[in-house]
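Hi everyone, thanks for coming. I'd like to walk you through one model today, so let me put it on the screen.

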Amino acid sequence: MPLKSASVPRSPGSASPPYPGAATRRTSSQPKSSRQQFSACGACRMRRVRCDLKDLPFSNTGTQPQCSNCKERGLKCVDEFAEVKAVKLLRRGRRLQQVEAVYGKSIDEDGGLFTAPSLSPALIPKLKPEFFSSAFFRRFHIQHPIIDPSEFCARFFEFSKGNCNALGIPGQLIAMLLAVWAASFGVNEYGIEDLHHGEAIIRNRREATNEMVQEMLHLIDIHGILRKPTWDGVRALHLLLPLTQEVQSPMERLVMYEALVSQVFTLCSLASVSSVGSGQGQAVDILVRARLFWYSHIVEGVTTGLRGGRLLISDDDLASFQKTLPPLNSDAMTRTSTIAYEFTYRYAMVPLELASACRRVHSALTGPKARQQNEIEEKSLHEVWDALEKSWKDFDNLRMLGTSGNVHEEDVDRYIHGWQIFIFECLNVIREALKQRTVVHPTCDRNLSLSLPNSSPRSAQFDAATRLLNIADARCHEVVRRVVVIIRQHLGTPFFEYDASLVRDGCFFAGFLLAGEGGSDEDVQTCLQALRQMRWAFSKGEEREKTVRMVWESRKGSNTQPRPPISPTLTTPVFELQPAGTQLLRTHPQRPHPPPLSIPFASSSSSRGMTSLDTSAPTTACTEDSSWASPLSATPSS
């Protein structure tokens with residue numbers, strides 16, 4: 001009796017394909033693919049073209065990627081079914097993470113607290129020996145000279161050849177951090193630059209860098225770098241801190257910084273020079289030790305000292321440390337070592353003096369003690385201005401030292417101009433702090449009327465602050481002329497592309513000042529172009545550019561008469577002011593000052609020291625910029 005085909009149950013999966021050849025085109029070894037719905041963006045669906053949105057990785061921050069079609073045509077890529085796909089992703093495995101977050105995981109008796117974590121980084125690329133001969137490393141080292149290039153490169157090459165004792169765990173962390181820094185600029189482990197186009201690439205680069213930094217923090221905790229002082233460990237912490245601005249809270253960064261400074265004091269005061277263990281002689285060990293303390297002193301001066309946080313390293317500590325160093329032309333060194341030591345020493349002294357000037361700003365104006373006083377120490381403030389004048393000229397005089405075969409001439413020029421733009425930032429910080437002093441609150445007027453009934457509403461302290469503000473305003477308008485010339489000179493060069501925040505805030509200050517108070521369209525566009533060329537993941541150039549454009553458009557809308565354009569050749573000296581500032585003030589008529597920018601200062605005992613972690617330009621773009629360390633001084637030795 002023949003079997004009836006109708007009696008055989010037919011499962012949905014056994015349905016015949018809609019096209020006769022569909023089943024034959026797929027081999028038996030290939031799994032049957034299900035139709036992917038809701039995989040295209042709205043623009044590609046309307047145009048009826050293939051969309052690769054489903055193949056792009058989804059970022060951890062929740063930002064939607066952009067398909068290649070929309071990116072190529074400049075369209076806004078909108079995923080209309082993002083919520084539907086989010087639910088499907090939970091069904092495909094992410095629901096397990098949700099369950100673990102609600103109910104937790106069971107404790108394994110054989111694991112738990114005593115289980116050895118995985119130490120191999122999954123995201124950080126392995127640094128290659130070719131990296132140290134790249135142009136990026138040379139430019140990066142000029143801004144972060146805490147690593148002696150000859151000493152660390154020699155050890156890294158030995159390590160790459162199989163000598164595991166050449167670096168050790170802290171030294172390997174330094175190599176990984178160099179790879180992370182390179183990734184934040186769009187440079188791979190070989191030192192080769194990647195493409196740099198648009199905000200989306202910078203945002204993706206910042207997200208990838210933050211994930212690498214989280215891995216680095218995990219490795220720092222695993223290997224106990226914060227509790228075991230080592231020369232390489234301290235240098236690794238110095239390189240890590242500027243990258244943690246979006247990963248750690250200000251309190252966590254402050255605690256790490258104070259532990260770092262404690263290790264610097266311990267190593268430089270208690271450990272012997274031979275404990276450096278570079279394997280290249282006593283002269284290199286001395287230079288490694290000196291670089292560490294100089295770098296720490298300069299970092300704190302140009303960040304915490306300038307902004308008014310808690311200081312941990314004083315000028316007396318620097319003077320005591322300098323006595324432990326051998327004098328120049330010492331007989332204890334060879335001729336080659338003497339040249340390298342003298343070259344590094346002279347290039348480091350100028351930023352050290354600038355850092356001391358920033359510490360005087362702390363004691364005279366921005367520090368907690370100075371803010372509690374009603375009167376401003378005018379003499380100290382004039383001494384600060386004189387010190388900044390001297391620093392500007394001292395940086396210019398560094399060209400007379402030459403290169404000694406250690407650096408390129410363009411690097412010397414980039415080093416000098418970078419620090420001179422930072423001096424302009426210092427002048428603006430003083431100016432903004434004085435603006436804060438001239439803001440009179442109603443409670444202050446009432447207190448003044450009770451304590452000084454016969455005095456005018458504008459007290460003597462307020463008049464002094466206004467007088468000093470006029471001097472500071474005149475100095476800023478004078479120096480910005482030379483800053484614009486420097487910026488224009490370096491447009492189109494790697495000067496701005498590889499800036500790690502040394503000139504970032506100075507360029508923003510220049511653009512903001514010119515856009516709001518008399519700059520020409522050419523000058524403002526010069527500053528905007530410099531901000532656009534910065535490729536560091538944390539430069540936030542687009543936000544600052546929007547702020548400057550907003551101020552510039554507002555000024556043009558008010559039909560304010562601009563100043564004459566800034567001449568590319570300047571004959572007027574930059575710092576030629578009388579003690580009272582009357583000579584220069586006659587060339588700048590009185591004009592109403594704009595309200596003070598939002599410069600953060602520690603205002604209570606609970607936030608003491610927090611400003612050491614916030615060194616960005618005023619956040620007029622309404623963004624939180626908690627960058628910590630400005631790149632620092634000293635050029636490489638041989």
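This is a predicted model: local features need pLDDT of at least 70, side-chain atom pairs count only at pLDDT 80 or more; totals for chains, interfaces and linings use all residues.

The accessible surface of this chain is about 32,100 Å², with 54% of that area belonging to carbon and sulfur atoms.

Residues are numbered from 1 along each chain as its sequence is written, and side-chain values use heavy atoms, with hydrogens and water left out.

The chain has 22 helices and zero strands; these are DSSP runs numbered from the N terminus, H or I of at least four residues for helices and E of at least two for strands. Of its 638 residues, 47% count as buried, where buried means under 20% relative accessible area, exposed over 50%, and partly exposed in between. Taking contacts (heavy atoms within 4.5 Å) between residues at least 6 apart in sequence, 78% join residues at least 24 apart.

Now to helix 4, residues 135–143. How many of its nine residues are buried? Seven are, among them Phe136, Phe137 and Phe140, along with Arg139 and His141. The buried residues of helix 4 pack against several partners, including helix 5 (149–160), helix 10 (282–307) and helix 15 (409–438).

Next, a helix pair. The axes of helix 17 (residues 460–490) and helix 20 (residues 521–533) come within 10 Å and cross at roughly 50 degrees. Axes here are lines fitted to C-alpha atoms, for helices over the stretch in contact, with angles from 0 to 180 degrees between N-to-C directions. On the helix 17 side, the contact is made by Val484, Ile487, Arg488 and His490; helix 20 brings residues including Glu522, Asp523 and Cys527.

Are they buried or exposed? Arg48, in the loop between helix 1 (42–47) and helix 2 (68–73), counts as exposed at 78% relative accessibility. Lys540, in the loop between helix 20 and helix 21 (541–557), counts as buried at 16%.

Definitions and conventions: Buried means under 20% relative accessible area, exposed over 50%, partly exposed in between (1.4 Å probe, protein chains only). Accessible areas come from the Shrake-Rupley method with a 1.4 Å probe; for residues, only the protein chains shown count as cover.
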